[in-house]
Amino acid sequence: VIYEDDFFIVINKSAGIVVHPGNGNRKTTLVNGLLYHFNKKLSDLNSVRPGIVHRLDKDTSGLIILSKTEHSYKYMIKQFKERAVRKTYFAIIKGNLSSSKGVIDAPIGRNPNNRQKMAIVNGGKEAITEFEVLFYLGNYTFVKVHPITGRSHQIRVHFSSLGHPILGDRTYGRDNVNRSSRLFLHAKQLVFNHPASK
């Protein structure tokens, strides 16, 4: 637990943990653990995903917000929908980016050849990712990333499309897995307006 008040819990999720129950995983999820830990004090507007206002991929680590009240749940859902939440991720990607900063603006949708994956596709949903190089690590680049939109696998798909998949990405960068034990993508910071204090 990184932060808690009467409205929210902010968790630093480890890589490898599924956020909420779904097909194939009903019990060993972040939500199950939090319902037990906090004695079911999460917003239950969405009973399948109590308190969940946004998600992280199973293999992504970092900050995730869970709401404790119906008011904070609705308030946060609105902020995410209106793109009022500023999200910052850190990632290590394969290769050295030639630009020190930039914007990837490419629509994302289901991969027509593999429905389990996402891809840049004509007619996909708008997807915008800002990035800034922090430093180089040999043949890798450490980047700070701001996803403006929130599409499934957005950061992973966007960097893979540039030929710079995220280190450890077994879905979008198979030749990039060799020595890595995990996906090197971390949700570092969330900036939003608090429902009470604003």
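**Start with the whole chain.** The protein chain has 3 helices and 10 strands. Helices (H or I, at least four residues) and strands (E, at least two) are DSSP runs, numbered from the N terminus. This is a predicted model, where local features need pLDDT of at least 70, side-chain atom pairs count only at pLDDT 80 or more, and totals for chains, interfaces and linings use all residues. Residues are numbered from 1 along each chain as its sequence is written, and side-chain values use heavy atoms, leaving out hydrogens and water.

The elements run β-β-α-β-α-β-β-β-β-β-β-α-β. Now show the surface. Its accessible area is about 10900 Å², with 47% belonging to carbon and sulfur atoms. Such areas come from the Shrake-Rupley method with a 1.4 Å probe; for residues, only the protein chains shown count as cover.

**Select the sheet.** Look for an open sheet of 8 strands with mixed pairing, in the order E1-E2-E3-E10-E4-E9-E8-E5. Strands E1 (3–4) and E5 (101–105) stand at the edges; each has a single partner strand, so one side of each is left without a neighbour in the sheet. Two strands pair if DSSP finds at least two bridges between them.

Zoom in on E3 (residues 61–67) and E10 (residues 185–191). They pair in the parallel sense over 2 bridges. Find Ser 61: opposite stands His 186 in E10.

**Select the hairpin.** Go to E6 (residues 108–111) and E7 (residues 114–120). These strands run antiparallel, joined by 4 bridges. They form a hairpin with 2 residues between them. Asn 111 faces Asn 114 in E7, standing opposite it.

**Select helix H2, residues 70–81.** H2 lies across E2 (8–13), E3 and E4 (86–94), at about 130 degrees to E3. The axes are lines fitted to C-alpha atoms, for helices over the stretch in contact, and angles run from 0 to 180 degrees between N-to-C directions. H2 has 12 residues and reaches 16 Å from its first C-alpha to its last, close to the 16 Å expected at 1.5 Å a residue. The expected span is 1.5 Å times one less than the number of residues.

Which residues of H2 are buried? Show Ser 72, Tyr 73, Tyr 75, Met 76, Gln 79 and Phe 80. Buried means under 20% relative accessible area, exposed over 50%, partly exposed in between (1.4 Å probe, protein chains only). Their cover includes E2, E3 and E4. Just after H2, check Arg 83, with a positive phi of about 60 degrees.

Centre on Phe 159. Leaving aside neighbours within four places in sequence, its contacts include Ile 93, Leu 97, Phe 131 and Val 143. Contact means heavy atoms within 4.5 Å.

**Finish at Ile 155.** This residue is found in helix H3. Is Ile 155 buried or exposed? Ile 155 counts as buried because its relative accessibility is 7%. Not counting residues up to four places away in sequence, Ile 155 touches Tyr 89, Val 145, Pro 147, Ile 166 and Leu 185. Last, draw a C-alpha to C-alpha distance from Ile 155 to Phe 131: they are 24 residues apart in sequence and 9.8 Å apart in space.
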